[in-house]
Amino acid sequence: MSQEQLQAMTNLEVQRANQMVDMLETQKANTLAFLKQEWGNTFEQNKAAYMGLMNKYSEKFPDAVKDLQVSHAGSNPVVLLMAAELGR
């Protein structure tokens, strides 16, 4: 493989990684906007309930909770709605 081919492959992988980061950031922003609208005045209370649940389970299952939070499921509004409800 030539240096140019190797550089082209590297550039492609970097571009893909950047696109994935952008996609996840957009998804998180959309989820946050949805939750603010859905929860209205109780947004902070529900956010605290969600965080409390995540903190509780991260003590026993730290890797699983971390994986959940950085995955697509971690920014799925339905998952966050359920987690906040369970955390109350």
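The structure is a predicted model, in which local features need pLDDT of at least 70 and side-chain atom pairs count only at pLDDT 80 or more, while totals for chains, interfaces and linings use all residues. Residues are numbered from 1 along each chain as its sequence is written, and side-chain values use heavy atoms, with hydrogens and water left out.

## Overall form

The secondary structure of the protein consists of four helices and zero strands, and the order of the elements from the N terminus is α-α-α-α. Helices (H or I, at least four residues) and strands (E, at least two) are taken as DSSP runs and numbered from the N terminus. The radius of gyration of the protein is 18 Å, whereas a compact globule of 88 residues would have a value near 12 Å; the radius is taken over C-alpha atoms, and the globule rule is 2.2 Å times the number of residues to the power 0.38. The C-alpha trace spans about 60 × 30 × 15 Å along its principal axes.

Of the contacts in the protein with a separation of 6 or more, 69% are between residues 24 or more positions apart, where contact means heavy atoms within 4.5 Å.

## Surface and charge

Buried residues account for 18% of the 88 residues in the protein; buried means under 20% relative accessible area, exposed means over 50%, and partly exposed lies in between, with a 1.4 Å probe and protein chains only. The accessible surface comes to about 6,700 Å², and carbon and sulfur atoms hold 57% of this surface; the areas come from the Shrake-Rupley method with a 1.4 Å probe.

The protein carries 8 positive and 10 negative side chains, and the centres of these two sets lie 7 Å apart. Lys and Arg count as positive and Asp and Glu as negative, while His and the chain ends are not counted; each charge is placed at NZ of Lys, CZ of Arg, CG of Asp or CD of Glu.

## The aromatic pair

A search of the whole structure finds one aromatic pair. The ring centres of Trp39 and Phe43 are 6.0 Å apart and their planes stand at 45°, so the pair is tilted. Rings of Phe, Tyr and Trp (its six-membered ring) pair if their centres lie within 6.5 Å, with planes under 30 degrees apart counted as stacked, over 60 as edge-to-face and the rest as tilted. Trp39 is buried at a relative accessible area of 12%, and Phe43 is buried at 9%.

Gln45 lies in helix H2, which covers residues 43-60, and counts as exposed at 57% relative accessibility. Glu44 has its place in helix H2 and is exposed, with a relative accessible area of 52%. Leu53 is found in helix H2 too, but at 13% relative accessibility Leu53 counts as buried. Neighbours within four places in sequence aside, Leu53 is in contact with Ala83, Leu86 and Gly87.

Arg88 lies in the segment after helix H4 (77-87) and is exposed, with a relative accessible area of 62%. With neighbours within four places in sequence again left aside, Arg88 is in contact with Asn46 and Ala49.

The table sets sequence separation beside C-alpha to C-alpha distance.

| Residue pair | Separation in sequence | C-alpha to C-alpha distance |
|---|---|---|
| Gln45 and Leu81 | 36 residues | 12 Å |
| Arg88 and Asn11 | 77 residues | 46 Å |
| Glu44 and Leu12 | 32 residues | 40 Å |
| Leu53 and Asn30 | 23 residues | 22 Å |
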